[in-house]
Amino acid sequence: MRLAERMSRLGTETAFEVLARAKALEAQGREIIHLEIGEPDFDTPAHIKAAAVRALEEGWTHYTPAAGIPALREAIADYIRRTRGIPVGPEHVVVVPGGKPIMFFAILALVEEGDEVIYPNPGFPIYESMIRFVGARPVPLRLRMENEFRVDVEELARLITPRTRMLILNSPANPTGGVLTREDLEAIAELCLKHDLVVLSDEIYSRILYEGEHISIASFPGMLERTIILDGFSKTYAMTGWRLGYGVMPEPLAEAVTRLMINSNSCTAAFTQIAGIAALTGPQDDVDRMVAAFRERREVMVEGLNRLPGFRCLKPKGAFYAFPNIEGTGMSSWELAHYLLEEAGVAVLSGTAFGEYGEGFLRLSFANSIENIQKALERIEKALQRLPIRAAAS
C-alpha cells in the first residue's frame with residue numbers, strides 16, 4: 001500500500017521507542033530503571049477516580065458536545081481566569097483527548113503551506129512534526145544552557161520573516177525545565193504584536209513549578225486575541241492515561257477547532273470530563289504533595305548528576321526533567337543514552353530526541369522514587385568509569 005507523501009514528514013516521540021526497548025530488556029530478565037518517560041509516577045487522586053466511577057454508574061457513557069461538556073468548559077474558564085488573570089469564558093475553551101490535539105488543530109487551522117513557524121529547540125518533538133506535516137517550514141529557536149534555556153529575545157527577533165505565522169512557547173519547558181520570566185514574555189509579546197504573530201503557548205507544566213511564578217503570555221495587553229493556551233490534566237493531576245486536555249483561544253478559532261474535533265474524534269470521553277471537573281474544583285492537596293516530592297527529587301538528581309565526570313547540570317525551575325550537558329564524556333548524546341540503557345540498565349533520552357540543538361545533552365525524568373534515582377546515579381557512575389573520559393566536567 002502506497003502511503004501519502006505527507007506521511008514522510010510526520011515525526012515521532014522517541015520516549016516511547018526507548019520505553020519499548022527498555023521493556024524488551026525487562027522481558028529478558030534485566031532490571032531497568034525508567035528515567036525516560038515523561039509522566040508522573042503518582043496515582044490519580046482518589047476523589048478524581050471516584051468521580052469517574054460515579055459518572056459511569058450515572059450513565060455518562062454517551063456522546064458529548066464536540067467542544068466539551070458545558071460544566072467542564074466553565075470550570076476550565078474559571079480556572080484560567082484565576083490562574084492567568086485573563087477574562088475568558090467557556091466559549092473560548094475546547095476540550096480534547098490529551099494535549100497534542102491542540103497542537104495539531106491549532107497548526108492545521110492557522111498555518112498555511114509555506115508559512116514559517118518558530119519553535120523551541122531543544123523542545124517537544126511533536127511541534128516540529130506537526131509543522132512539517134502541514135507543509136510549513138519549521139524554524140528552530142535555540143535554547144541555550146548559558147541562558148538558563150530561556151528564549152533569547154534578540155535571536156528570536158532575527159528569526160522572524162514576512163513568512164512567519166506562528167511562535168510556539170513552552171514554559172515550564174520540556175525537556176529543559178526552563179521557565180520564561182515576566183521580562184522575557186513582555187519582550188516576546190512586543191515582537192508578536194509588531195509582526196502580527198499568533199502564539200501557541202504550551203503551559204501543560206504550569207503547576208509543576210519550583211521557583212518564581214507561572215505567567216501566561218496571554219495575560220499581556222493585546223495577546224489574548226492572538227494566543228492559544230494549551231493545558232490539560234495529564235501532568236498536574238497524574239492523569240496521563242485518561243487523555244484529557246484543552247485549549248483556550250479566541251472564540252472564532254475555538255469554533256474552527258471544534259469542527260476539527262467533529263471531523264476527527266467526535267468528542268472527548270464523557271466520564272473523563274466529569275473527572276476533570278472534580279480535578280479542577282476539588283481539593284488540590286495531592287497536587288501540592290506531588291510537586292513537593294518532585295522538588296525533593298530534583299535536588300537529589302541534580303546534585304548527583306553534577307558529581308558525575310563529564311556532566312554539568314542546571315537546576316530545572318519547572319517540569320520534572322533534568323537536562324545535563326554531557327559533552328565532557330566525549331560521547332554523543334545518542335551514544336551515551338544507548339550505552340546507559342544497555343550497560344547500566346538506566347533508560348534515559350538523548351537530547352537529540354528534542355531537536356538538533358539537544359546534541360550534547362541527556363534528558364532524565366525525576367518522576368521516579370528517590371531510591372531509584374539514587375540507584376540510577378550509582379549505575380551511571382559505575383558505567384562511566386568504564387569509559388575513557390576525554391574531557392573533565394567543569
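Predicted model: local features only at pLDDT ≥ 70, side-chain atom pairs only at ≥ 80, totals over all residues.
1. The axes are lines fitted to C-alpha atoms over the stretch in contact, with angles running from 0 to 180 degrees between N-to-C directions; helices (H or I, at least four residues) and strands (E, at least two) are DSSP runs, numbered from the N terminus.

2. The residues that meet include H47, I48 and A51 from α2, and F271, I274 and A275 from α9, where contact means heavy atoms within 4.5 Å. The residues of this contact divide into 10 nonpolar, 1 polar and no charged, with Ala, Val, Leu, Ile, Met, Phe, Trp, Tyr, Cys and Pro counted as nonpolar, Asp, Glu, Lys and Arg as charged, and the others, Gly among them, as polar.

3. Q273, which lies in helix α9, is buried, with a relative accessible area of 0% (buried means under 20%, exposed over 50%, partly exposed in between, with a 1.4 Å probe and protein chains only). Setting aside residues up to four places away in sequence, Q273 touches T64, G68, I69, L72, V95, L244 and T268.

4. Strand β5 (residues 164-170) is mostly covered, since 6 of its 7 residues are buried. In the parallel sense, β5 pairs with strand β6 (residues 198-202) over 5 bridges, and L169 stands opposite S201 in β6; pairing requires that DSSP finds at least two bridges between two strands.

5. Residues are numbered from 1 along each chain as its sequence is written, and side-chain values use heavy atoms, leaving out hydrogens and water. Local features need pLDDT of at least 70 and side-chain atom pairs count only at pLDDT 80 or more, whereas totals for chains, interfaces and linings use all residues.
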